[in-house]
Amino acid sequence: FKDTDGAYFEVDVFQQGRIIAAMSNNYKADLAGKFPEANLNFYNGNGAIFAKIGVLSLPAEDGGFLYMIDEEGVWTKVDAEYDDGEEMFKINTRVMGQYVVSDTELDLSVLEVAPEGEPVPEAPVEEGTTPEAPVKENVPTGAAA
């Protein structure tokens with residue numbers, strides 16, 4: 001995959017219909033902001049589904065942690081094989097999903113959503129910093145996009 005720091009996917013596509021596999025490593029600041037102590041690398045697959053299981057290889061430091069983000073945005077820790085020779089996680093999958101590689105283990109409870117009707121607790125602000133300004137909505141102008 002172009003511009004993904006060496007990530008690649010090996011799969012047998014014999015008798016596979018036409019499919020496009022794509023991945024980016026666009027940084028997601030809103031999610032990374034929930035883990036300020038961690039160094040995160042995002043690998044955002046396009047959701048392509050293959051007929052056969054392949055091996056997705058994602059670059060990572062030894063001792064790193066791998067997480068998957070599902071369609072609903074739920075994060076789960078992935079117990080994937082780590083290849084010391086290639087310095088990559090090896091994931092057996094049929095889907096070009098979304099993954100996050102972290103240098104530290106993450107506390108996923110900060111991502112939990114409060115039950116409906118209850119306010120979501122705000123993330124604590126570190127001493128000496130200021131909270132981010134709220135994002136302003138665009139003013140409706142009636143112009144067609």
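## A pocket to start from

The second largest pocket has a lining of 13 residues, and those nearest its centre are Ile69, Glu71, Val95, Gly97 and Gln98. Two or more lining residues come from each of the elements β5 (65-69), β8 (88-95) and β9. By type, the lining splits into five nonpolar, six polar and two charged residues. Here Ala, Val, Leu, Ile, Met, Phe, Trp, Tyr, Cys and Pro count as nonpolar, Asp, Glu, Lys and Arg as charged, and the others, Gly among them, as polar. The space inside this pocket is about 190 Å³.

How is such a space found? Rolling a probe the size of a water molecule over the atoms shows where empty space is left. In detail, a 1 Å grid is laid over the protein atoms alone, and a pocket is an open set of points with protein on both sides within 12 Å along at least five of seven lines, while a cavity is a set where a 1.4 Å probe fits but cannot get out; lining residues have an atom within 4 Å of a point. Grid points are joined across faces, edges and corners, and the volume is the space filled by probe spheres set on them.

## About the model

This is a predicted model, in which local features need pLDDT of at least 70 and side-chain atom pairs count only at pLDDT 80 or more, while totals for chains, interfaces and linings use all residues. Residues are numbered from 1 along each chain as its sequence is written, and side-chain values use heavy atoms, with hydrogens and water left out.

## The chain as a whole

Of its 145 residues, 28% count as buried, where buried means under 20% relative accessible area, exposed over 50%, and partly exposed in between (1.4 Å probe, protein chains only). Among contacts between residues at least 6 apart in sequence, 71% join residues at least 24 apart; a contact means heavy atoms within 4.5 Å.

## The open sheet

Which strands make up the open sheet? Five strands do, in the order β2-β3-β9-β5-β6, with antiparallel pairing. At the edges are β2 (23-24) and β6 (75-78), each of which pairs on one side only. Two strands pair if DSSP finds at least two bridges between them; β3 and strand β9 (residues 98-102) run antiparallel and are joined by five.

The whole structure holds five aromatic pairs. Rings of Phe, Tyr and Trp (its six-membered ring) pair if their centres lie within 6.5 Å, and planes under 30 degrees apart count as stacked, over 60 as edge-to-face and the rest as tilted. Phenylalanine 9 and phenylalanine 50 make a tilted pair, 5.0 Å centre to centre with 50° between the planes. This pair links distant parts of the chain, as phenylalanine 9 is in strand β1 (residues 8-10) and phenylalanine 50 in strand β4, 41 residues apart. Both phenylalanine 9 and phenylalanine 50 are buried.

Tyrosine 27 and phenylalanine 42 have ring centres 5.7 Å apart and planes at 85°, so their pair is edge-to-face. Because tyrosine 27 lies in the loop between β2 and α1 (29-32) and phenylalanine 42 in strand β3, the pair ties together parts that are 15 residues apart in sequence. Tyrosine 27 is exposed at 55% relative accessibility, whereas phenylalanine 42 is buried at 1%. Elsewhere, Phe35, Tyr67 and Trp75 form one aromatic cluster.

Alanine 48 sits in the loop between β3 (40-45) and β4 (49-59). Is alanine 48 buried or exposed? Its relative accessibility is 9%, so alanine 48 counts as buried. Beyond four places in sequence, alanine 48 touches Ile19, Ile20, Ala21, Arg94, Val95 and Met96. Arginine 94, found in strand β8, is partly exposed, with a relative accessible area of 40%. Arginine 94 and valine 11 are 83 residues apart in sequence, yet 8.4 Å apart in space, C-alpha to C-alpha.

Proline 59 belongs to strand β4 and counts as buried at 16% relative accessibility. Leaving aside residues up to four places away in sequence, proline 59 touches Thr4, Asp5, Gly6, Ala7, Tyr43, Glu87, Met88 and Val101.

Note on methods. Helix = DSSP H or I, 4+ residues; strand = E, 2+ residues; numbered from the N terminus.
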